[in-house]
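Hi there,

Here is the structure I promised to pass on to you. Please open it next to this email, and then read on for what was found in it.

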Amino acid sequence: FFNWKCLIVVALRLLFLVPAGVPARSGESYLKDNITVRQGDSAVLKCNVDNKVSRVAWLNRTTILFTGNEKWSLDPRVVLLNTALTEYSIKIINVNLYDEGPYVCSILTNKKPESTKVHLIVQVPARIVNISADVSVNEGSNVSLMCLAIGRPEPSILWKFRSSKSIRIITEGEYVEMTGITKDMSGLYDCITSNDISPPDVRTVQVTVNYPPVISRARSTGTAVGQKGILWCEASAVPLADFQWYKGERRLLNGLNGVKIENKGKQSMLTFFNVSEEDYGNYTCVAMNTLGITNTSIILYGPGAIHDVNSAALSPTSSFLLLTLVLTLSVLSKF
């Protein structure tokens, strides 16, 4: 059976004068326009015939797909269309990249061979195949982001930066290089790839920049004796800052001596439920994380005192307090 089928293949090629799938020079050859389809779509390859045709076949390279109405291809995606008598067409369903290439419709009419060549081009939508993982680095570090994409035609790659403050296009190409990164460069980096075959493919890298605390807001407060008084300060930091409160060199503890310390995200509040004369004075808000430490002075004063309530100056701590804070920071960094 194998030898018999081989003989038929050879006979067909000799009959149509199509050795190895290439149209014969001795007959007429018509080159049609390229057919371009998107991966996953269907492609229809058309061949015009007339009533003088005695034999007809479709070939792909060295493979015979159909001879007349008989199917030789084992691929279930390739079907013969029931079209008009003047057309001998095949359809390839769910086209993939391996279907790309030359196809030949070979015709024998009045013992004169003719062939029509069609070149199938398969376009592949742009797709991201590899991208950097989310990164967390300390301020001042160098960062490199990578995004690789495939597609036909060759896709373009664009990087977009998004943060709470801005959205902007930063560069084109597979790589983003950042030297001496700052906290303002912390955010989302979108890799956008497209080749106009389908909607863009987008994937995102989150870049977290760690930096030491910076006290951004603090306010002194005037409160009468017997009333409730609140001191608060706010510090930006990544990771979030831990807060401590001091009066002089004495650290204040939550729930002792009529005070409550409440930390919420970037803010810390020191609450006096019943202010006394002894409570008036200068307090120090300390913010720290594993990268650094800072502090600011805040004043709780009585109704008759004159203070600039809209500002709180950064001030160095005493040597004793500074030593305590450094030791605390050292312990925190070990966890």
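Is Phe161 buried or exposed? Phe161 counts as buried because its relative accessibility is 1%; the word buried stands for under 20% relative accessible area, exposed for over 50% and partly exposed for what is in between, with a 1.4 Å probe and protein chains only.

Some notes on the source before we go on. This is a predicted model, where local features need pLDDT of at least 70 and side-chain atom pairs count only at pLDDT 80 or more, while totals for chains, interfaces and linings use all residues. Residues are numbered from 1 along each chain as its sequence is written, and side-chain values use heavy atoms, leaving out hydrogens and water.

Now the overall picture. The protein chain has 2 helices and 25 strands; these are DSSP runs numbered from the N terminus, with helices (H or I) of at least four residues and strands (E) of at least two. Of its 335 residues, 39% count as buried.

Next, the rings. The structure holds 2 aromatic pairs. Rings of Phe, Tyr and Trp (its six-membered ring) pair if their centres lie within 6.5 Å, and the planes count as stacked under 30 degrees apart, edge-to-face over 60 and tilted for the rest. Phe161 and Tyr189 make a tilted pair, with 4.9 Å from centre to centre and 50° between the planes. This pair links distant parts of the chain, as Phe161 is in strand β13 and Tyr189 in strand β16, 28 residues apart. Tyr189 counts as buried because its relative accessibility is 2%. Phe272 and Tyr283 form an edge-to-face pair, 5.3 Å centre to centre with 65° between the planes. Phe272 lies in strand β23 and Tyr283 in strand β24, so the pair ties together parts that are 11 residues apart in sequence. Both Phe272 and Tyr283 are buried.

Then come the disulfides (pairs of cysteine sulfur atoms within 2.5 Å). How many disulfides does this rule give? The count comes to 3.

- Cys47 and Cys105 have their sulfur atoms 2.0 Å apart. Cys47 lies in the loop between β3 and β4 and Cys105 in strand β9, so this link ties together parts that are 58 residues apart in sequence.
- Cys147 and Cys191 have their sulfur atoms 1.9 Å apart. This pair links distant parts of the chain, with Cys147 in strand β12 and Cys191 in strand β16, 44 residues apart.
- Cys233 is joined to Cys285, S to S 1.8 Å. Cys233 lies in strand β19 and Cys285 in strand β24, so the pair ties together parts that are 52 residues apart in sequence.

With the bonded cysteines numbered in sequence order, the pairing is 1-2, 3-4, 5-6.

Strand β9 deserves a look too. Of its 9 residues, 8 are buried. Two strands pair if DSSP finds at least two bridges between them. β9 pairs with strand β4 in the antiparallel sense over 7 bridges, and with strand β10, also in the antiparallel sense, over 9 bridges. Ser106 in β9 is the bridge partner of Ala57, and Val118 in β10 is the bridge partner of Tyr103. In the hairpin of β9 and β10, with 2 residues between the strands, Asn110 takes a positive phi near 50°.
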